[in-house]
Every structure is written in C-alpha cells, then in structure tokens.
Amino acid sequence: MARAQIRRSFFWKVSLIAGLGGILYGFDMGIIAAALIFVRETFSLSTRMEEWVVSSVLVGAMVGALAGGSIADRIGRRSTLVWGGAIFIAGSLLAPASQNPATLIVARALLGLAIGFTSVTAPVYVSELAPPRSRGMLIGLYQFALTLGIAFADLAGYLLAAHHAWRLMFGMGAVPALLFVVLLLTLPESPRWLFAQNRLSEAQSVLVSFTDEAGVELLVKDIRSGLEIKLERRWSALWSPAVRKSLLIAVGFTVLQQITGINTIIYYGPRIFSLAGIASNKNAIFATLLVAIINVLATIIALVLVDRIGRKPLLYAGVSGMTASLFLLAYSFHSPAAFGASPGTIATICLMVYITCFAFSMGPIAWILVSEVFPLRLRGRGVAAATLGSGASNFIVSLTFLSLIKVTGNAGTFIIYGFFCIVTLVFVRFIVPETKGRALESISSGHSVAAS
C-alpha cells in the first residue's frame, strides 16, 4: 500500500461528505442545549419531561444503530447513509411544527434514528476507503465535523435566544441534511462491501477511480485476505472467539466515552453554568458556545497527531486531563470560596479544560477504534453494537443527570464522572490496542487485537 499512488482528492471528498453526517449528528444533539430553555417555557415542562425531550433522540439513536448495522451490511454503506439523510430531513421539519411535547419527542426520536444510521455507517464508509497511514485522521474528521455541528447549534442558539425562536433552531437542521443527501448521490459504494457481496467488477471499478494499478492489486489482496476469515453475518457471531475481544474493545470504550459525562455538557451546558452562578440565559448559552468552540479547536490536535504518535498516548494525556478537571470542578461546587473567584468563572475554566482533553482523545479515537477492530464481514454489525452501547449509556446519563444532581448534589455528580475517567485509564492500559499505521485486516484478525 505504501507504494500505491492514492488520489488524495478522492479521500477528501469522501471525508467531506461523510463529515456532513457528523455535522448533522452534532447539530441535532447540540441544539437542544439552547432550545430546551425556551421549550420548557412554551410547554411548561417538568424536570422529568425535560429529561425525556433531551433523551428521546437517544432512544431513536439506539434503534437506528441496531437497525443501521444490519442495513449497512445488507444494502451497502452509501445507501444506508442516504436513508439516514432523508430521515434527518423529516425530523428537522417535524420538530419546529410540534404543538405539544409528545410531537416534539417523536421528532427528536426520528432525528435519533437518523443519527444511529449515520454514526454507524459514516466512520465505516471512510475506514474502508482510507489508506492505513492516514485512516485515523480521515475517520477523525467525522468527529471534527460533529464538534462543528455542536458549535453551529450553540451559535444558532445564542443568536436566536433573544427571540426565543426554538422552532427555527430545530428547523435549521434541514439545510445540511438536504445537502448531505445530494452530495452522497455523487459517491461510489465501498469497494470492500462490494467485494463481500461478490460484486467484483464494480469493486474494482471503484478502486481504479482513486488509485493506480499497484494500489488496486494491493487493496484487492488485503480485502481478499480479510474475507478468508469465515464468519456468518449474524449478531451472534460477534460473540465468537475471533471477534469477542474486538467487541469488548469497541463497546467498552464507547460506553466509557459516555459515562465520563461528556454529553451532560452538550445537552445541559446552560443549566450547568446557571448552577455555577451565571444567571442570564443568554450568558449561559454564550458560555456553552465558548466550550463548543474549544471542542472544535482541540479536535484538530487529534487530527494532526493521531497517525503520528498513535491512539494510546493521546488517550493517556486526554483522559488524565479530564479526570483532573472534573475533580476540580466538583471541588469548586463544594467549596466555591476557596478559589477567590466566582463559581461561574471556575466552572467555565474547568469545563474548557475537560472539553479540550476529551476532544483530542476520547472524542475522535473512540470512533477510529470502533471502525478499525472488526473483521469486514461483521464490521457493520460490530460498529452498530458499539453505537448501541454508546447510545444506551448516553441515554442513561442524559436521563439521570438532573435527578442525580438533586440526589448527590453538584459536587457529587461530577465526582462520579471523574471516577469513571479513572476506570477509562485502566481500560486503555490493559484492553485498548495501538492501531496506528496497521492495515484493517491485520487489526481485525483474532490474534492481533491484544493491548499494546
């Protein structure tokens, strides 16, 4: 592969369009932070109903992940992404038309279904087209796009906050969804998936479109070696000895990604800043926007370094920083006078450090690993299982965050998330493999997924 002449423009085009899926994911996840303030006022929501409006998107995401893996393996990566884009459009139009909380919950669940489809399929699609030496960066672009989507959502929320225009906040998501579908129609199917379907001439035509003769020969050799691993396309095959370790890595890491608390900031950022003493809704939304911008900028660090220094060094640094910032945030809530500054300032600094460390480590690397560790025949289902685990844990965290604060207090809640960061460090040390620069087929073979 190192001697093949790869047409980089093709990979950037693929990553750009797949990245639009990340923008949609981030926007529809992030827009609730600002919109919820005004949805709560419009419908006089209780705390429990607020949690359901936020969390309904995750129920849809779990269903979408479960269905999306099988669909991506059955009808193809590109076709699954097109269906996801169409559902994004439907949800983005229904949400602003909602006249009651039930309709809004259904709309959010539809958006979650689309998120499930695209979050399963887009990283797989990119991983199956990318050369090993730049695969981490190209898959990481999906996470970078996701952070951009969150930042766009927070910016829209900030600009529209004065008008209480939560319906327009939701409706804006239809524009990138339409662009996503239109651009997808210009891309080919994954050649690895085509080979798995015995559509050999179509697969070779795709390979010829982005590499030279030597590249085609090397890719075909790698793909065929991967297909020699005889695995049935069933969910139960994920528990087979050849795949079980991959499943542990993927599901375990994506669950830990969520239970370290990242989406409490994405969904409830303004509420957290209000708890810390920022009284104005607009100022709380602005503080959340600052955190989102930091999230975007810090993700660039991962894009630059993930294929140079590897996955695990970034994880050690990032998760350690997350741990320290969460414990400091908890202490600032417990003893605000100890710092000689307003709790709002301390909270903002801690959350910026936390999001920075997450953005260059767990954020992108989770989806890089998930897309790398499974064998070709089960890659769609494997990524779906990891996405389902991520969605389920995300759902639990988002549904319980406000209730957890009531029970354990502000400090206790963030101590719990900090403890799970420590668990993550142990998991990275003993379970997560280093996959930098390795061919997909070598990573997913049963003997080569041991931690290093």
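Predicted model: local features only at pLDDT ≥ 70, side-chain atom pairs only at ≥ 80, totals over all residues.
Q: What volume does the largest pocket have?
A: The largest pocket has a volume of about 170 Å³.

Q: And which residues line the largest pocket?
A: The lining is made of Leu20, Ile23, Phe27, Phe152, Ala156, Met172, Gly173, Val175 and Pro176.

Q: How many of the lining residues are nonpolar, polar or charged?
A: Eight are nonpolar, one is polar and none is charged.

Q: Which helices each supply at least two residues of that lining?
A: Those are α1 (8–43), α5 (135–160) and α7 (174–184).

Q: Which one gives the most?
A: Helix α1 does, with three residues in the lining of the largest pocket.

Q: New topic. How are two packed helices described?
A: By the angle between their axes and the distance between the axes.

Q: OK, at what angle do α4 and α17 cross?
A: The axes of α4 (residues 101–127) and α17 (residues 379–430) cross at roughly 135 degrees, and they come within 9 Å.

Q: Why is α4 called oblique to α17?
A: Because angles over 145 degrees count as roughly antiparallel and 65 to 115 as roughly perpendicular, the crossing at roughly 135 degrees makes α4 oblique to α17.

Q: Is the crossing left-handed or right-handed?
A: The crossing of α4 and α17 is right-handed.

Q: Which residues make the contact?
A: From α4 there are Ser119, Val120, Val124 and Ser127. Helix α17 brings Arg379, Gly380, Val383, Ala384 and Thr387.

Q: How does that contact divide by class?
A: The contact of α4 with α17 has four nonpolar residues, four polar and one charged.

Methods
Residues numbered from 1 in each chain as written. Heavy atoms only, no water. 1 Å grid on protein atoms, 1.4 Å probe; cavity = no way out; pocket = protein on both sides within 12 Å on 5 of 7 lines; lining within 4 Å. Points joined across faces, edges and corners; volume = space filled by probe spheres on them. Helix = DSSP H or I, 4+ residues; strand = E, 2+ residues; numbered from the N terminus. Nonpolar A, V, L, I, M, F, W, Y, C, P; charged D, E, K, R; others polar. Axes fitted to C-alpha atoms, helices over the stretch in contact; angles between N-to-C directions. Parallel < 35°, antiparallel > 145°, perpendicular 65-115°, else oblique. Left-handed = near helix turned anticlockwise from the far one by under 90°. Contact = heavy atoms within 4.5 Å.
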